[in-house]
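I'm putting the structure up here first, and my entries follow below it.

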Amino acid sequence: MKVLLAAIILVLLPLAVLKLCYAISTVFVLRKTKGALFVSTSRAKIKAILEALPLSPETRLADLGCGDGRFLRAAFKRYGVKGVGFEINPWAYFLARLWNFLGRVPVEVRRKNFLQEDLSRYDVVFCYLFPDLLLELAPKLREELRPGAVVVSANFPLPGWEPYLVLHVGDPIYFYRKT
Ligand SMILES: C[S@@+](CC[C@H](N)C(=O)[O-])C[C@H]1O[C@@H](n2cnc3c(N)ncnc32)[C@H](O)[C@@H]1O
C-alpha cells in the first residue's frame with residue numbers, strides 16, 4: 001500500500017508542479033497576451049504550413065508568440081532556416097530554450113513582447129494568436145513588413161488582410177502576402 005502511495009505521489013507531484021508552472025506563468029502575462037494562452041500548434045498543422053511555405057536557410061523567419069518553439073525547430077530541421085521567436089510567457093520561454101538546447105537547434109528565442117519589436121526585417125512571419133491581439137498586430141504588420149513578405153496565421157484570420165491561401169487542417173490556416 002505504501003509503495004503504491006509513493007508511486008502515485010512520484011508521478012502526480014511532478015505533474016502538479018508542471019501544471020502550477022503553467023498556471024502561474026499564464027496568469028502573469030494574461031493581460032499582455034490578451035487571452036492568448038500557451039497552446040501549441042499541432043505537428044500536422046506545422047507540417048502542412050512548412051510544405052506550403054517558400055523557406056530557405058536565408059529566409060528571415062519569425063514566430064510571434066513562439067510558445068515552446070516547436071514551429072521554429074521544425075522549420076530548421078526541414079529547411080535549415082534559423083528563425084527567431086518572441087515569447088513573454090516565462091514557462092513557454094523556458095521550455096523553448098530547454099528544447100532548443102537539448103535538441104542542439106540553433107534557433108533564437110527572445111523573451112520579448114513582439115509588439116515592441118520592429119518587424120521590418122522578416123520575410124516570413126508565423127503566429128497563432130487570439131483575435132484581440134491580431135487586431136493590434138494586423139496594422140503593425142501592414143506598416144512594417146516589406147512588400148512580398150508572407151504572414152501565416154493559424155486558426156484565426158488577420159483582420160483587414162486578404163489571404164492568398166487557406167489550408168484546413170482541422171482548423172483553418174491563413175496565408176497572406178504583403179502587397
Ligand atoms: C497559442 S500560443 C502559440 C505558440 C506557438 N506559436 C505555436 O504555434 O506552437 C501563443 C503564444 O503567444 C504568446 N504571446 C502572446 N502575446 C505575446 C506578445 N505580445 N509577445 C510575445 N509573446 C506573446 C503567448 O504567451 C503564447 O505562448
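Predicted model: local features only at pLDDT ≥ 70, side-chain atom pairs only at ≥ 80, totals over all residues.

Is glutamate 143 buried or exposed? I looked it up: glutamate 143 is exposed, because 9 other C-beta atoms lie within 10 Å. The cut-offs I used are these: a residue is buried with 20 or more other C-beta atoms within 10 Å of its own, exposed with 12 or fewer, and partly exposed in between, with C-beta atoms placed from the backbone.

Residues are numbered from 1 along each chain as its sequence is written.

**Entry: more on glutamate 143**

I found glutamate 143 in helix H5, residues 131-144. Helices here are DSSP runs of H or I with at least four residues, strands are runs of E with at least two, and both are numbered from the N terminus. I also checked glutamate 143 against lysine 178: they are 35 residues apart along the chain, and their C-alpha atoms are separated by 9.7 Å.

**Entry: the whole chain**

I counted up the elements and got five helices and seven strands. Along the sequence they follow the pattern α-α-β-α-β-α-β-β-α-β-β-β. The radius of gyration is 18 Å, close to the 16 Å that the globule rule gives for 179 residues, so the chain is as compact as a globular protein of that length. That radius is taken over C-alpha atoms, and the rule is 2.2 Å times the number of residues to the power 0.38.

The C-alpha atoms fill a box of roughly 65 × 35 × 30 Å along the principal axes. Buried residues make up 33% of the 179 residues. I looked at contacts too (C-beta atoms, placed from the backbone, within 7 Å). Of the contacts with a separation of 6 or more, 64% are between residues 24 or more positions apart.

**Entry: the sheet**

What order do the seven strands take in the open sheet? I read it off as S3-S2-S1-S4-S5-S7-S6, with mixed pairing. Two strands pair if DSSP finds at least two bridges between them. S3 (108-110) and S6 (165-169) are the edge strands, each pairing on one side only. From one strand to the next, the twist averages 15°. For angles, axes are lines fitted to C-alpha atoms (for helices, over the stretch in contact), and the values run from 0 to 180 degrees between N-to-C directions.

Next I zoomed in on S7, residues 171-177. S6 and S7 pair in the antiparallel sense over five bridges. Valine 166 has tyrosine 174 in S7 as its bridge partner, and valine 169 has aspartate 171. S5 (residues 150-154) also runs antiparallel to S7, and five bridges join them. There, valine 151 stands opposite tyrosine 176. The hairpin of S6 and S7 has one residue between the strands, and glycine 170 takes a positive phi near 75° there.

Arginine 104 has a positive phi near 50° and is not a glycine. I placed arginine 104 in the loop between H4 (90-103) and S3, and it is exposed, with 6 other C-beta atoms within 10 Å. Asparagine 155 is another non-glycine with a positive phi, about 75°. Asparagine 155 sits in the loop between S5 and S6 and is partly exposed, with 18 other C-beta atoms within 10 Å.

**Entry: another loop**

I looked up glutamine 116 in the loop between S3 and S4 (124-127). Glutamine 116 counts as exposed, because it has 7 C-beta neighbours inside 10 Å. Its C-alpha atom is separated by 14 Å from that of alanine 138, 22 residues apart along the chain.

**Entry: around the ligand**

Which residues come nearest to the ligand? Of the 25 around it, I noted Thr33, Thr41, Gly65, Gly67 and Asn89. A residue is near if its C-beta atom, placed from the backbone, lies within 6 Å. H1 (2-33) and H3 (70-79) are the elements that give two or more residues to this shell. H1 gives the most, with three residues. By class, I have 14 nonpolar, seven polar and four charged residues. Nonpolar covers Ala, Val, Leu, Ile, Met, Phe, Trp, Tyr, Cys and Pro; charged covers Asp, Glu, Lys and Arg; the others, Gly among them, are polar.

Technical notes: Contact = placed C-beta atoms within 7 Å.
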